[in-house]
Amino acid sequence: MKVPISWLREYVPIEMPIAELADRLVMSTCEVDGIEAVGVADVDGNLGLFRVGRVLDAVKHPNADRLQLCQVDVGAGNPRQIVCGAWNFGAGATVGVALPGAVLPNGLQLEQRKVRGELSDGMILAEDEIELGTDHSGIMLLPNGLEPGTPLADVLPLTETVLELETSHNRPDLLAVYGIAREVAALYDLELTPPPGTDPQRDADEPVDVTIEDFEACPRYIGRLFRGATIGPSPVWLRARLLAAGMRPISNVVDITNYVMLALGNPLHAFDYAKLAGGKIVVRRAKPGEKLRTLDGVERELESYDLMIADADRSVALAGIMGGEETEIGDGTTEILLEAANFDPYAIFRTSERLRLRTEGSNRWEKGVDPYLPEQAAKLAAQLIVELAGASWVGHADVHAGLPEPPVVRFRPERTDAVLGIETPPDEQHAILGRLEFGVRGEMVSVPTWRARDVTREIDVVEEVARFRLGDVPARLPTRQAMFGRLSKHQRIRRRIEDVLVGFGYAEAYTWTLVPEESEIVAVRLQEPLSSEQAVLRTSLTEGLLASARRNVDAGNDDIALFEQAHVYLPTGEQLPEERWRVGGIAQGGFAFAKGTIEGLYAALNVKPSFQSADDLPAAGRGARTDEGWVASVREPELPGEWGAFELDVDALVDRVPDLIVYEDVITYPPVRQDLAFVVSDEVTAGELVAAAREAAGHELREMSAFDVYRGGQVEPGKKSIAFSVTFQSSDRTLTDEDAAELRNRIVSALERAFGAQLRA
Amino acid sequence: MNWEEYASNALKSFAEVTTAGELAEAHTAWLGRKSELKVGLRNVRDRETGMALNAVRERLEEAFAAREAELERGALVQLDQQLDVTLPGTRLRRGRLHPLTQIRREVEDIFLGLGYEIVDTREVETVWHNFDALSQPLTHPSRSHRDTFYINDDTLLRTHTSTGQIRVMEERQPPIYIATLGRTYRRDTPSPKNTPSFHQVEALAVDRGITLADLKGTLMHFFRAMFGEGRDVRMRTSFFPFTEPSVEFDVTCFLCAGEGCPFCKYTGWFEMGGAGAVDPAVFEKMGYDPEEWSGFAWGLGLDRIAAQRHGIPDIRMFWENDLRVLRQF
């Protein structure tokens, strides 16, 4: 909401600096986006260089057909010669003049200069040049009779300060200059003028035919009829205010509806009454198949829940959102039906949301406008239509089914103290509420109509007092009876996983939740994705990590190792998918590096993995599954060299992490270490050999891990030699050489039986 | 044979040698199997001489061992002196936590220190948990399909971590002190200032006698822990449908320390997030008696703070995972 300060001052006598006012509003009312100076800058005497001038003589420029050479009286001294490009005036016209040295709102500084050989000692102003309008078809003509040399600022609103406010959803009453004035008056305990607008004289009492079919969606409709209107431009003051408030002037009647909306907060609409079939207004829902071409020229297809303003035959406006083209006010309009209504927030929101059509009107309706407000809005609009369009007011109708009584709420001032943590005497609290126009009667408080939607309960009244006292609230801490400051096991293990991977040289990545849809994967899909690249919720971290790896290759980075620990979203058939924690990684260094990573990770978590060969893994290379996930080599053209990837289900891993580590004896009974090498066929895996050895030797085989694989040379083709380092240890006795030999023989014969493995000497 | 002279010659030769090899030779000469001493020992026939020779042998063996250790140390020192300490060390690949994880942990640790539990909450939510339970009006623009990612009419990607408040209160009874951190989503086209997913933290305290002063003190502690002592906090009037009164909170600008600069638009304050006293309507939906329990909730976005404090100009960088960026943290 843009609030021109001169307009605000019309309703409340503010004397404090605007920056101070802004600070106060920020603390107690709403956000302030800025304080903007518009129009002619009021600095260094600049305003004094803008004067009223009278054209004494105007002839064609001797050297240019499209320019006039004018002699202009600007008060002091001799008339000035000014070259001007406009032809909508002649000798005798009263105009605005900027003298050399003046700085225009667009930043340009005027100087005395020659134009096609003739001196130009100033500038005759068009309205857009001083931000009082958008017209540049000719210069701005002032009423005759003004004394030449009069400061232009005495005659026109040349300069303005605008406060830009961002108000919250619960305060539609602040989307009006008068509403802001009311708030400022309450904050500073100042006197507020009565709301603007008094009924003009009514020249006739013609019937106005208004029917509301749906009082829930349209609780009230005031229709006022005017005849004999002349459509034309609005006066300068009105156009200047609209521009300063951020709206474009159009024509007097339309400008008046906008002006009243900005002044009071009730959006209005004006129809060309002659174009309303049957002279009727019907407020109803759209009919099946109905369409309406709105003011913006777009044909709108309507739904049965859209609230429409119709005449005897068809819809003529999207209620509260936008008028229709056919009944729009035009240059030839003379009869006007003014609508000052009240609409239900959801009725308007639903339609504006579906049509993606938000307007100044819908923005106010969807927040809830006071149903008592149309009366005052109709008064101000009627007054201005009569004054500015020369119309006569000839008819009035006010249709409603009873207006809601404003809420009356029980209010205990001690509740405010309990919420704020500081005391505010009840008298002071009641005084604050009084300034906000709440009625206090004992323990009961009645709410003003313009706050009736927002303030319905005691706590809402508490907030009204609280916002006046926020700056006084001290800093304390809760008195605690219970403490909860600890991470869960799951959270601790997640941190450990991150730390281990960082220790292994991985950088942590964050990749998008939303990924492209792939036909073979069942995933949760968005109703309206931003793009097909972000259409479904990921079921794996791998795609995101692959994409990040490719981006790093493209960027020329080396030593790439990335991991991510985050949610995946698995469809369940229920309303909500299952969100599981996963950890995934991708790294240069091939399968061995990736596998080493997860072996290290498992070890860090005190969980023993078991690996099974697999070739149906997401990263497309060959790899292995564990109970918690997989590890694989990555083969794709965008990733040159050796790459490995893995993804593990963190929830499953955490389940297997022991809560407590119980000491195992490593000192009392010494281990026996040996190296054993076996020659086996190429297709036999180290994992299979270890599994069979464990089976054969039992728990006294403490460790067996492969440390070398050898092909060629002394090993015959199609075979390989795998060397293991083996540790035997017992938890209840010292193993003798004979014990060790026995264990070893069991392993050797088991491997020979199962795989034809030959022990290498 | 003068064994005293033998011993002093042996000691002298041990002292004179400068390498392990020479020392080994000296050992062979004076203490070896064929040395005069060993031969003498073998030929001893009386107890007295035997004891005397043995004492010599022990003395010489000790001296030998001492000299051996000395030479070894000397050799190591010499080896060490060849070391060029200006050569680079073994290059280890060093990983990094993402800057968002770093800030996340920092935030978690502050809450742990304040005696709060960290709660993990879900991202795909019901419309009820995300909007209805939080009293979001049906006409609030955040409900719009333009602003929120819907899965279907009843399910969405959460737009804030405030859903965590509801999830926790549904499951337990007060007192409650929790913080929940995680991904949130809004239907924004990616830009330097907005990404369709981002991270928030939400804190909730429910206890007897909680006031806005407790909220302010908690915020103050939090931001002093985060940005350093001397930060101040102010609360301004705002509106959230699930807190009443609602405030937004600002922290002393970290660039100008409150003096006013372009970064804080000359206000001296930096906007941080939203907060308020938990609305009694929310308590009623959760089955808590609002006359007995009161509470506060507050939340803020992590990405923006992380970007600001590291001077990252474009928050999309958090999602690009370029190692040239990540390796700086």
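Author: Leaving aside neighbours within four places in sequence, Trp298(B) is in contact (heavy atoms within 4.5 Å) with Phe111(B), Val201(B), Glu202(B), Ala203(B), Leu215(B), Thr218(B), Leu219(B), Phe222(B), Phe249(B), Gly274(B) and Ala275(B). This is a predicted model, in which local features need pLDDT of at least 70 and side-chain atom pairs count only at pLDDT 80 or more, while totals for chains, interfaces and linings use all residues. Residues are numbered from 1 along each chain as its sequence is written, chains are lettered from A and ligands numbered from 1 in the order in which they are written, and side-chain values use heavy atoms, with hydrogens and water left out.

Reader: Which residues touch the most other members of the largest nonpolar core?

Author: A nonpolar core is a set of buried Ala, Val, Leu, Ile, Met, Phe, Trp, Tyr and Cys residues joined through side-chain atoms within 4.5 Å, where buried means under 20% relative accessible area (1.4 Å probe, protein chains only). The largest such core has 164 residues. Those touching the most other members are Leu8(A), Tyr221(A), Ile309(A), Phe111(B), Phe223(B) and Trp298(B).

Reader: How many residues are in the other core, the one that includes Val502(A)?

Author: This core lies apart from the largest one. Among its members are Val502(A), Tyr506(A), Leu601(A) and Val657(A), and its size is 26 residues.

Reader: Is α3(A) mostly covered or mostly uncovered?

Author: Helices are DSSP runs of H or I with at least four residues. α3(A) comprises residues 177-188, and Val177(A), Tyr178(A) and Leu187(A) are among its buried residues. With 11 of its 12 residues buried, α3(A) is mostly covered.

Reader: Which residue follows α3(A)?

Author: The residue in question has a positive phi, near 55 degrees. It is Asp189(A).

Methods. Helices (H or I, at least four residues) and strands (E, at least two) are DSSP runs, numbered from the N terminus. The expected span of a helix is 1.5 Å times one less than its number of residues. Buried means under 20% relative accessible area, exposed over 50%, partly exposed in between (1.4 Å probe, protein chains only).
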